Structures are given as C-alpha cells and as structure tokens.
Amino acid sequence: MLHGDHRSSVHWKKIFSSSNQENANPLMENVMDDPVTLASGYSVDQTYYQWFVSQKNTCPVSGHSLPHSISVPNHLLRDMIAAWCLDHSKLAPSTTADILSVPWIPPSEEQIQVILEKLSGSSGPPKETLHLIQLMSKTSKGVQPCLEKWPDLAAVLLDLKKKWKLLWTPDLEEERITIILNLSMHRPNREILAEQRKLPGVLLKVIEKADSLGSSASLLAMVASIIFLLSEFGMFRKKMLDIRGMKMLRDLLKIEDVVVRKESGTAILALCTDEEGKTLAEDYNVADTLLECFMVTDEFLLLLERLPKSPHALDKICDRAVEWVNIIMGEHASGMVTSRGIHSAISLISIIAERDVGKLKVKNLEDFKERLRELTSKRMPMQTMFLVDRIMKTLSEMFPAHSQLQN
C-alpha cells in the first residue's frame, strides 16, 4: 500500500514555492499533482522530489538513503487522487484530468437523461459507453454515489467486454478498471459492486490476460486495490476465494513492481480475515512467496505476522533474523515502518526466540534489550508486551553471561 491510508482520504502533498523551503513541510501543503514512487516504496510529488533529492540523496518520507534516484509515475495514486478531489468538490490536478479524458464538471440533469437513454437497453461502442459511465460516476460528490441512483450501470460496465470482445483493447480494459476503482471509493457504490456476481470473474480474467495483452503494472495494481476495497463484504470475499483469487494475488507478489506488490499484499491481508482465507493462503504457500518478494513496509510485516506459515517459511524467518532486529532497532537501510510494523517484527522475533534463538545475531545484546524496554514503555498491544517479555526471558536464559551474541 502507498504512503498514508489512501483508501479513506488522500492527504499526500506537494511542495510550494517558498522563500524558506528549509522550514516548509512538503507533505502538508497541497494535493499532489504528479505522484511518483521512489526506490524506498513511498510516493511523493515529483516537483518536491526533484527539489529534495538535489539537496540530499534520501527518501523525503523515511529519511533513509536511497539506493538510486530513479522514480516511476504512480498512475494508480494519480487516479485515486482524482477520485478524492471529485468526491470532496476540489479541483483535480490537470494532469489527472488529461489522463481520464473527461470533463470534471458533472453533467446537468438534461445531460444525465440523455446518457441514461443511450445506456438503456443496449450500450453503444465501448469507448463511448465508458466515457458516458465516467460522466455518470462524477455526479455523486460523496452525497449519493451514482450506483445507488443507477444500479444498472454496474451490469453495463461488467458486460461491456463480452459484447465488444473483438474490439476490446488493453486501453479500454484499463479505462474500465479505473472506473470500477473510482466507483469503489464510495461505500454505497462498494456495496452494489460487491453484489455483482460477475465482478470477481472479471477481475480474475484481467490478470490472466495481462501478459498476452501487454497490460501495464498500474492495471494490475488497480485490480488488487479493488479486491482490497470490496473484501469487506463477505459475499465478494468468498467468491474471490472460490475462484482462486488467493493464488492470483500470490502470483502478483512475484511481479517486480513496488506498487503492484504493495497493493497485492494488502489485498491478501483483506482476504485473510476468516479461516477459509487463512487456509487457502497456507495451501498456496503465500508466506513463502512473501518472504521471497519481501519489502520493508507495515503491510508486508503485518501480513507475514498473520499468515499461516509452513515449516519452510518459519526457517526462512529465522534465517532473516538480522533483518527483523534491524527493523526494531530502526537501522534498516530502506523503507520505513511505523509502530504497527515494529510490533509485527517483534512477533517474528518471538518465533525465532522459540524456534532457533541462536539465529538472533545481535551486535549488542544489551542495546537490543534496552530498545525492547523502550518500546514497552510506549503504547503497545498487551499481546505484543507478552511477546517482549518472552523474548527477554529467552535471551537472558540463553545468554546469561554475555552482553553480546557473537557471529
């Protein structure tokens, strides 16, 4: 998932021209125009990033050094910012409006009637139909989302590819998925979309055909984000599991794209809210795949903590003991985790303490213990505090006369 909780509201900001840039807060000024993803996995506005990296080669979010200064456009975030701007009656960035190729002024009542007439009975050419549905989707402004007023639009949207199969293109598919994602931003729309029995199958086919159609990484990330958003509804979640949605998301983790991996990991976590999801995650060895493609983020740490783990995955967790220790000590070279991620790292350390404590090659044992004591003095879930106590006890019993663990 991207920096911040982008599913509830978009507060990613850009830098303004300022006579005192050193004191400016680049993340608290305005809505981003041109979001890009950095080597750290975080997204910031391109304008600010160019200014920041010219002064220091570090991530402006985490403060850690960047392995390289290459950034990639974050089309998914750009579309989501556009949806948020519309929902909150704000002017969307002009660059996003160009991408979506639709006006940001909602159609009048007369135009709406014309659109409904065109969409009633049978839809026209796919490009025109998608354009019309986009117009309809912009009439809600968070008050009464369009699917609540015109629920038949969902069926038109999902049946469009089947009707125009011979004329369907990757660009049309990306436009359709973008519309579904934008609609999913509003809960009343989500409820209606989650009831569409065809939707899980549509999402699965988009991924299955991705290679042959040359689909973009942003399309794959949008599909994963839609699955996350709609998985709060049991019927949709069960349908995704029934059609091997867990396997699909596991395979998306293998794609070498930061945003695709983060969105896929978050979607997997959403599917694992019941025993059926956790069982399927275990059957498909999702934890093993996650460890192979691991990124240091709250979402990945939380997912790894919660997933059922095979003996092989547990061994891999033990082999990466130094990485979990560095996260707790705040010494990891890239990425950034909050207290939530650190709590998950503590859970992984507790697994090692029970399974193979010798793998905990801490440079300075006393510093590590002091860090754990510091964390317990802050707000921490009771279960995590119990884990810290067990870790401390195990380390004291295993190394009673040593302040350091030798390599």
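Helices (H or I, at least four residues) and strands (E, at least two) are DSSP runs, numbered from the N terminus. Color the protein that way and you get 23 helices and 3 strands.

This is a predicted model: local features need pLDDT of at least 70, side-chain atom pairs count only at pLDDT 80 or more, and totals for chains, interfaces and linings use all residues. Residues are numbered from 1 along each chain as its sequence is written, and side-chain values use heavy atoms, leaving out hydrogens and water.

**The whole protein**

Show the surface. Its accessible area is about 18900 Å², with 51% belonging to carbon and sulfur atoms. Such areas come from the Shrake-Rupley method with a 1.4 Å probe; for residues, only the protein chains shown count as cover. Of the 407 residues, 53% are buried. Buried means under 20% relative accessible area, exposed over 50%, and partly exposed in between.

Now contacts, meaning heavy atoms within 4.5 Å. Among contacts with a separation of 6 or more, 66% join residues 24 or more positions apart.

**Stop one: Lys 209**

Select Lys 209. It lies in the loop between α10 (199–208) and α11 (210–213). Lys 209 counts as partly exposed because its relative accessibility is 44%.

**Stop two: Thr 384**

Move to helix α23 (residues 382–398), where Thr 384 sits. Is Thr 384 buried or exposed? Thr 384 counts as buried, because its relative accessibility is 8%. Which residues does Thr 384 touch, not counting residues up to four places away in sequence? Select His 343 and Ile 346 to see them.

Key. Buried means under 20% relative accessible area, exposed over 50%, partly exposed in between (1.4 Å probe, protein chains only).
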